[in-house]
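The following note is meant for a colleague who is meeting this structure for the first time. Its points are numbered so that each can be followed on the sequence and the 3D view.

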Amino acid sequence: MAQPAIEAVDLEKTFAKGEVRALDGLSLSAEAGTVLGVLGPNGAGKTTAVRILSTILQPDRGRASILGHDVVKEAATVRRVIGLAGQYATVDENLTGRENLLMVGRLTHIAKRDSLVRADELLEGFGLTDAANRPLKTYSGGMRRRLDLAAALVGRPPVLFLDEPTTGLDPQGRQDMWVTIEALVAAGTTLLLTTQYLEEADRLAGRVVVVDHGKVIAEGTPAELKAGLGETVVVVGLHDPAQARKAAALLTGLTESAPHVDGSSVELTGRAGPRVATEVLRTLDAHAVEVTGLTLREPSLDDVFLLLTGHRAEAADGTDGSGAEQAALARAMAGGGARGGR
Amino acid sequence: MTIAVDPALAGADADGLLARGRWLASDIYTIAWRYIVAIRRQPETLLFTVIQPVMLVLLFRYIFAGAIHIPGTSYVDYLMPGVFVQTVSFGSVSTAVGLAEDLQKGLIERFRALPMARSAVLSGRTVADLVRNLGSIVIMTGVGFLVGFRVQTSVPSFVAGLGLLLLFAWTLSWAFSLIGLSATNSETAQVMAFPILFPFTFASSGFVLVKSMPGWLQAFANNQPVTKVVNASRALMSGGPTATSTEEAVAWCLGLLVIFIPLAVRKYRRTA
């Protein structure tokens, strides 16, 4: 049987003298040439797992290997075969785009001439040729993120880790990043991608593991994960929580899964959203329950969590992503993210 | 998209000791290069490196020279070694701030995942500091000559004095690396660094005679490294007995290096 390109077995890691349990027996694996999505809210342990797999941190317990090389005992070898791009663009503000890539090339022990050729190749590939000789300070957020990804690819690593590559990007930036990642995957890179967005995992990953409180709570293909969810979430707004509970009782049986009461609204997940919505209005109207709002939306990470754990994704509001982005931004600004350890 | 990914191992190093030494030197050079390029593009570092030293020379020369009389020597000649030491001391704050910033921004994180020598991050930084300090000292010497500073000994002796200043500067780089790595962000690094610097640089023989200080302060001023280094470089540049003072100054530097290099390296390894 082929050795997985990325393998982690029962990883445990605590921070703050054991107070914070970031990883609690996390196991995962990815075959060579595949994309594994690691889906979870802020603080689930995704970044800690990536940092252990990329040799930055050592696990308290458990083991992990990349292309068969142990991340602790053979860290030096592992560093030659991996690329890492984080949710914070880890590039030097004062250097130009080309200088940043040259620096990474030299530190990857590629000859200077080859490093320069590689830098120009990557700058072109990422549409940064025009900005190549400008200091990073003048780059936009999306450009920095692209350069960060380019820096991860300098050594042509066969295994790539992308930690929330689109967190904080605008919709266009996210779209561009997806296209880029798809090109990498098509070229045969083994990719481990962490994300808070179900949509992103759905689009990019062949297999997904859902992480909560430092362990994997579900795994499968994106289709399998979504199968239990249905395709549309119908959100019904009501006057108050009492009305919401009354409505939930009335609407039970309308969809495969039970209605979920959240404050003064009720959520139903079903395969045929518009039809469910029509039924909802008809039923509630018949019982003289006044509806104050009605929304149809795609299932999100939050819904996956609700389904799997019965609780919402903590610390992140997965329904529209903006809450999570704000949280990530706040952490970046507070400076805790880069070394805070989750 | 022209990003082909080659499954062959990237940058596979030869494992020979010689090859490893060569890559270590290359890594140190690359890290040092990065900081030196950054000096030109960061107004605040440029201020530390060029403008502040010039201002210090001019301010001390024209403000204190009239008020302070040092028997047997002109105040400019007395002053310059003090200004040199103060400049390299204050400059080391940027070592702490720079490293704290690199940690904060996640750059060190990237370095840790690269096949580079781990020790190169700190050594590269301290080498860049040496280059920066050499630049500051050359500029200050030039300005010093313009306002009346003269070497009273010999050129080799003066050069030895500069060498001692650079050794002290390198020592401080290691000490302040430790502060930078211990700080949670660059502002904290700065706040931590200055209160350490002020008593050492001012309660020293840098600008005034220690004899003019109250007795309890003399005890401190006479027995701390800044005074030792100032005295030795003053002897080497402006005359006086050099042997004992130089030995003491070098001993202080080496002693501090023996303490701070391992502490900084250990802190770097543990800071994740």
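**Notes on the predicted model**

1. Leaving out residues up to four places away in sequence, A:G33 touches A:G188 and A:T190. The model is a predicted one, and A:G33 is found in it within the loop between β2 (20-30) and β3 of chain A. Because it has 15 C-beta neighbours inside 10 Å, A:G33 counts as partly exposed.

2. If one takes the contacts in chain A between residues at least 6 apart in sequence, 66% of them join residues at least 24 apart.

3. Chain A is divided into domain 1, which covers 6-226 + 333-340, and domain 2, which covers 230-298. The centres of domain 1 and domain 2 of chain A, taken over C-alpha atoms, are separated by 40 Å.

4. One open sheet of chain A has six strands in the order β6-β7-β8-β3-β9-β10, and its pairing is mixed. At its edges stand β6 (82-85) and β10 (215-220) of chain A, each with a single partner strand, so one side of each is left without a neighbour in the sheet. On average, and with direction ignored, neighbouring strands of this sheet are turned by 15 degrees against each other.

5. Within that sheet, strand β3 (residues 35-39) of chain A pairs with strand β9 (residues 207-212) of chain A in the parallel sense, over four bridges. Which residue of β9(A) is the bridge partner of A:L39? The partner is A:V210. Elsewhere, helix α5 (residues 141-152) of chain A lies across β6 and β7 (159-163) of chain A, and runs at about 165 degrees to β6(A).

6. Another open sheet of chain A is formed by four strands in the order β12-β13-β11-β14, and here the pairing is antiparallel. Its edge strands are β12 (260-262) and β14 (291-297) of chain A, each of which pairs on one side only. Neighbouring strands in this sheet are turned by 20 degrees against each other on average, direction ignored.

7. Strand β11 (residues 232-238) of chain A and β14(A) run antiparallel and are joined by six bridges, with A:V233 standing opposite A:R297 in β14(A). Helix α9 (residues 241-251) of chain A lies across β11, β12 and β13 (265-270) of chain A, and its direction is at about 25 degrees to β13(A).

8. The largest nonpolar core holds 138 residues, of which A:L53, A:I66 and B:A96 touch the most other members. Helix α7 (residues 155-182) of chain B gives the most to this core, with 11 residues. Apart from its neighbours within four places in sequence, B:A96 is in contact with B:F176, B:I179, B:G180, B:A183, B:A189 and B:A193. There is also a second, separate core of 12 residues, including A:V236, A:L238, A:A244 and A:V280.

9. In chain B, helix α2 (residues 43-64) bends by about 40 degrees at B:I51, and a proline, B:P53, follows within four residues. The buried residues of α2(B) are B:F48, B:T49, B:P53, B:L56, B:V57, B:F60 and B:R61. These buried residues pack against α1 (17-41), α3 (75-91), α4 (93-105) and α6 (120-146) of chain B.

10. Not counting residues up to four places away in sequence, B:A249 touches B:L164, B:K228, B:V229 and B:A232. B:A249 and B:G124, by contrast, are 24 Å apart in space, C-alpha to C-alpha, and 125 residues apart in sequence.

Methods. Residues are numbered from 1 along each chain as its sequence is written. Chains are lettered from A and ligands numbered from 1 in the order in which they are written. This is a predicted model: local features need pLDDT of at least 70, side-chain atom pairs count only at pLDDT 80 or more; totals for chains, interfaces and linings use all residues. Two strands pair if DSSP finds at least two bridges between them. Helices (H or I, at least four residues) and strands (E, at least two) are DSSP runs, numbered from the N terminus. Axes are lines fitted to C-alpha atoms, for helices over the stretch in contact, and angles run from 0 to 180 degrees between N-to-C directions. Two residues are in contact if their C-beta atoms, placed from the backbone, lie within 7 Å. Domain bounds come from an automatic or database domain assignment. A nonpolar core is a set of buried Ala, Val, Leu, Ile, Met, Phe, Trp, Tyr and Cys residues joined through C-beta atoms within 7 Å. A residue is buried if 20 or more other C-beta atoms lie within 10 Å of its own, exposed if 12 or fewer, and partly exposed in between; C-beta atoms are placed from the backbone. The bend at a residue is the angle between axes fitted to the seven residues ending there and the seven starting there.
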